[in-house]
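The sequence and structure come first.

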Amino acid sequence: MMSAVALQSRRYLTRTVSAAILLVVSVACSPETAATQLVETPQRITSVEGHLSRLQEIDAESITSSDCESQFSRAEQLNASDLFYASAVCFAVENPLRGNFLLAAGCWLLAAGCWLLAAGCWLLAAGQVRATADLSILEPMTESDEDAAASIYGLIFFHLGGPGEEVIYRNESQFEELTQMIEDWRPQFDSAYDPGWEVADYPDQESYRNVLAEFKAHRLVQLNNVRTVFSDDQYYALHRRFAELQARVGMFTEGSPEYEQSEDLQRRMNERAEELGVDWVQ
């Protein structure tokens with residue numbers, strides 16, 4: 001019998017990315033292991049904490065753009081966990097855009113830095129698509145395998161369900177490059193593919209590719225919605241105010257002035273999204 005968490009991950013799979021679509025992912029990295037030393041998942045990871053620990057072992061001070069390129073070049077072979085790791089590598093590479101709003105607004109002026117951010121966003125989206133397809137069609141064999149699959153669901157739902165770096169969605173050419181990379185992505189799949197757990201029964205390649213294509217199309221719709229609202233100055237100003245409030249307060253306490261302010265900002269954001277024709281529940 002499937003564990004409660006694993007059953008929930010299967011039952012609510014198609015809502016995974018939608019539920020967290022407006023989370024802007026920040027993959028913080030701390031020194032330990034150089035990115036080039038760890039490419040594939042070293043062992044079965046059966047908890048969200050295990051995945052987060054792996055990401056935190058990336059040495060942001062020693063990796064370079066070549067490490068990102070190395071991960072990027074293998075994206076068709078990687079499972080979701082490894083794609084999230086690759087994304088974290090690209091986001092962690094030091095570049096002149098990070099933390100500088102004026103330079104980020106003029107992203108086209110720094111093509112190398114923009115490429116790193118676009119690569120990170122693309123690898124993140126690829127991981128989300130690969131994960132949802134795998135969870136949908138690759139049934140875990142044992143209870144331990146169910147835990148491994150559920151950990152990927154939890155990682156996306158609670159931590160890595162967002163679109164990535166905002167600057168990409170504020171820049172038309174960078175966003176077009178991102179969507180083209182997603183559309184062109186053709187991940188490998190056969191009976192040797194390892195999603196991060198033992199699979200009870202592998203489907204044929206056509207069935208897997210059809211499921212993956214469905215989730216890819218769904219994610220592209222969501223990212224286009226993000227592009228629509230983030231490129232709107234009115235919505236984006238509200239979004240930034242909410243993000244700054246959340247960063248300052250952390251958890252909102254119901255009834256507090258900050259809670260009331262957050263509720264008002266979210267209401268105004270939703271109203272503006274509706275005016276822009278964006279439906280988050282798709």
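The side chains of Arg44 and Asp194 form a salt bridge, with N to O at 2.9 Å. The term stands for a side-chain nitrogen of Lys or Arg within 4 Å of a carboxyl oxygen of Asp or Glu. This pair joins distant parts of the chain, 150 residues apart: Arg44 is in the loop between α2 (16-19) and α3 (48-56), and Asp194 is in the loop between α10 (172-184) and α11 (205-230). Helices here are DSSP runs of H or I with at least four residues, numbered from the N terminus.

Arg44 is partly exposed at 37% relative accessibility, and Asp194 is partly exposed at 33%. Buried means under 20% relative accessible area, exposed means over 50%, and partly exposed lies in between (1.4 Å probe, protein chains only). By the salt-bridge rule, the count comes to ten.

## Basis of the values

The model is predicted: local features need pLDDT of at least 70, side-chain atom pairs count only at pLDDT 80 or more, and totals for chains, interfaces and linings use all residues. Residues are numbered from 1 along each chain as its sequence is written, and side-chain values use heavy atoms, with hydrogens and water left out.

Asp264, Arg267, Arg268 and Glu271 are linked in a salt-bridge network. Within it, the closest N and O atoms of Arg268 and Asp264 are 3.5 Å apart. These two residues are about one helical turn apart, because they are separated by four residues in helix α13 (residues 257-275). Arg267 pairs with Glu271 at 3.0 Å between the closest N and O atoms, and this pair also lies four residues apart in α13, about one turn of the helix.

- Arg268 is partly exposed, at 31%.
- Asp264 is partly exposed, at 29%.
- Arg267 is partly exposed, at 40%.
- Glu271 is partly exposed, at 38%.

## Span and sides of α13

From first C-alpha to last, the 19 residues of α13 reach 27 Å, close to the expected 27 Å. The expected span is 1.5 Å times one less than the number of residues.

Ser262, Leu265, Met269, Arg272 and Ala273 are buried in α13. They lie on the same side of α13 because they cover an arc of only 100° around the axis, taken from the directions from the helix axis to the C-beta atoms. The buried residues pack against α11 and α12 (233-249). On the other side, Pro257, Glu274 and Glu275 are exposed. Gly277 follows α13 and has a positive phi, near 80°.

How values were computed: Contact means heavy atoms within 4.5 Å.
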